[in-house]
Amino acid sequence: MTTYTNSSSPRKPLIAGNWKMNMDHVQGADLLQSLAEGLSEANHDPQRVEVAVFPPLTTLSTVQALIQDDGLDLVCGGQDLSPYDSGAYTGDTSAQFLAKLGCRYVLVGHSERRTIHNETDDVLNAKVRAAYRHSIVPVLCVGEGLEIRQAGTHVEHTLTQLRAGVEGLTEEQAPRLVVAYEPVWAIGTGEVAGPQDAQEMCAAIRADLTELFDADVAARARLLYGGSVKANNAAAILNEPDVDGVLVGGASLDSAEFARIACAEKPQTAAPAL
Ligand code: PGA
């Protein structure tokens, strides 16, 4: 049973698996089914911990159909979306199509989109707003590269991305927001930021949300950490008070490993859950 849920927190932990450009629809169906089995064997409690997967676009409808038809305690999301709702935007995917497919979430501004596709903060803000227009929760990804971390300006850098991403959101929209802090130097590298690094940034993000909106928004928005999360480091990260979940890349492609992350135990040294 998961024990890291902070009983005084209004935030339900979110364990998110970003499959990136892996898993065609046949492979994705197998992965989803073995993940569902792994979660059930590990006594995953969907009332306490939400588990979401982000398959590639062509795999999404297969995954959604399985979730619905088999009544699985999982939700799915898109990896990207267009800032526009419809029209002559070849290759893009509208938030309304994702909504129709039953997506609850969509990743916005993953560092691979920012770097490989040169997505700017302005475009990402438009994508965040497009998601809200269709009642999809954006998972806004922010985080610094190695040079910025070494220069010691990582908090400032990350908060600048956050502010640009959430600009114009209303106080009704903002509490549903999910922000994923993913230091770029820790993504897919095996380098993991320490739990205290994750906590430092998530606390800074939460304080900034108080300034940008209000204390209620800050208390309700969920903040994730991502970057080389594995079953053996997840519990310590999740145990930090401002970390409400994890965004997992590589390890989400291994159903047993990902199920262990979703059911991570609180370290023995930590205070017992109430
Ligand atoms: P990783 O990827 O877990 O493989 O480091 C995380 C991510 O890119 O979201």
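Here are some worked exercises on the structure shown above.

The structure is a predicted model, in which local features need pLDDT of at least 70 and side-chain atom pairs count only at pLDDT 80 or more, while totals for chains, interfaces and linings use all residues. Residues are numbered from 1 along each chain as its sequence is written, and side-chain values use heavy atoms, with hydrogens and water left out.

**Exercise 1. Strand β6 and its partners**

Task: Find out which strands pair with β6, and whether the faces of β6 are buried or exposed.

Solution: 

Step 1. Start with the terms. Helices (H or I, at least four residues) and strands (E, at least two) are DSSP runs, numbered from the N terminus. Two strands pair if DSSP finds at least two bridges between them.

Step 2. Look at the first partner. Strand β5 (residues 137-142) runs parallel to β6 and is joined to it by four bridges. In one example, Val142 has Tyr181 of β6 as its bridge partner.

Step 3. Turn to the other partner. Strand β7 (residues 222-226) also pairs with β6 in the parallel sense, over four bridges.

Step 4. Check the faces. Buried means under 20% relative accessible area, exposed over 50%, and partly exposed in between (1.4 Å probe, protein chains only). In β6 (residues 178-181), Val178 and Ala180 on one side are buried, and so are Val179 and Tyr181 on the other, so both faces are covered.

**Exercise 2. An enclosed helix**

Task: Explain why helix α11 counts as largely enclosed, and name what covers its buried residues.

Solution: 

Step 1. Count the buried residues. Six of the eight residues of α11 (residues 255-262) are buried, so the rest of the structure largely encloses this helix.

Step 2. Name them. They are Ser255, Glu257, Phe258, Ala259, Ile261 and Ala262.

Step 3. Find the cover. Contact means heavy atoms within 4.5 Å. The elements covering the buried residues of α11 include β1 (14-18), α1 (25-41), β2 (50-54), α10 (231-238) and β8 (245-248).

Step 4. Inspect the N-terminal end. A polar contact is a pair of N or O atoms within 3.5 Å; within protein, one must be able to donate a hydrogen and the other to accept it, and residues adjacent in sequence count only if both atoms are side-chain atoms. Asp254 caps this end of α11, with a side-chain oxygen 3.1 Å from the backbone nitrogen of Ala256.

**Exercise 3. Around the ligand**

Task: Describe the residues that surround the ligand and the polar contacts that some of them make.

Solution: 

Step 1. A residue is near a molecule if one of its heavy atoms lies within 4 Å of it. The ligand is surrounded by 13 residues, of which the closest are Lys20, His110, Glu182, Gly188 and Ser228.

Step 2. Sort them by class. The shell has four nonpolar, seven polar and two charged residues. In this scheme Ala, Val, Leu, Ile, Met, Phe, Trp, Tyr, Cys and Pro are nonpolar, Asp, Glu, Lys and Arg are charged, and the others, Gly among them, are polar.

Step 3. Visit Lys20. This residue is in the loop between β1 and α1, and has a positive phi of about 55 degrees although it is not a glycine. An N or O atom in the Lys20 side chain is 2.7 Å from an oxygen atom of the ligand.

Step 4. Visit Ser228. Ser228 sits in the loop between β7 and α10 and is buried, with a relative accessible area of 11%. A polar backbone atom of Ser228 is 2.7 Å from a ligand oxygen atom.

Step 5. Visit Gly250. Gly250 belongs to the loop between β8 and α11 and is exposed, with a relative accessible area of 57%. A backbone N or O atom of Gly250 lies 2.8 Å from an oxygen atom of the ligand.

Step 6. Finish with the ligand's area. Taken alone, the ligand exposes 280 Å², and the protein buries 97% of that. (Accessible areas come from the Shrake-Rupley method with a 1.4 Å probe; for residues, only the protein chains shown count as cover.)

**Exercise 4. Arg206 and Asn22**

Task: Is Arg206 buried or exposed, and which residues does Asn22 contact?

Solution: 

Step 1. Arg206 is in helix α8 (residues 195-212) and is buried, with a relative accessible area of 8%.

Step 2. The side chain of Arg206 reaches the backbone oxygen of Ala221 at 2.9 Å.

Step 3. Asn22 lies in the loop between β1 and α1 and is partly exposed, at 33% relative accessible area. Apart from neighbours within four places in sequence, Asn22 contacts Pro56 and Leu253.
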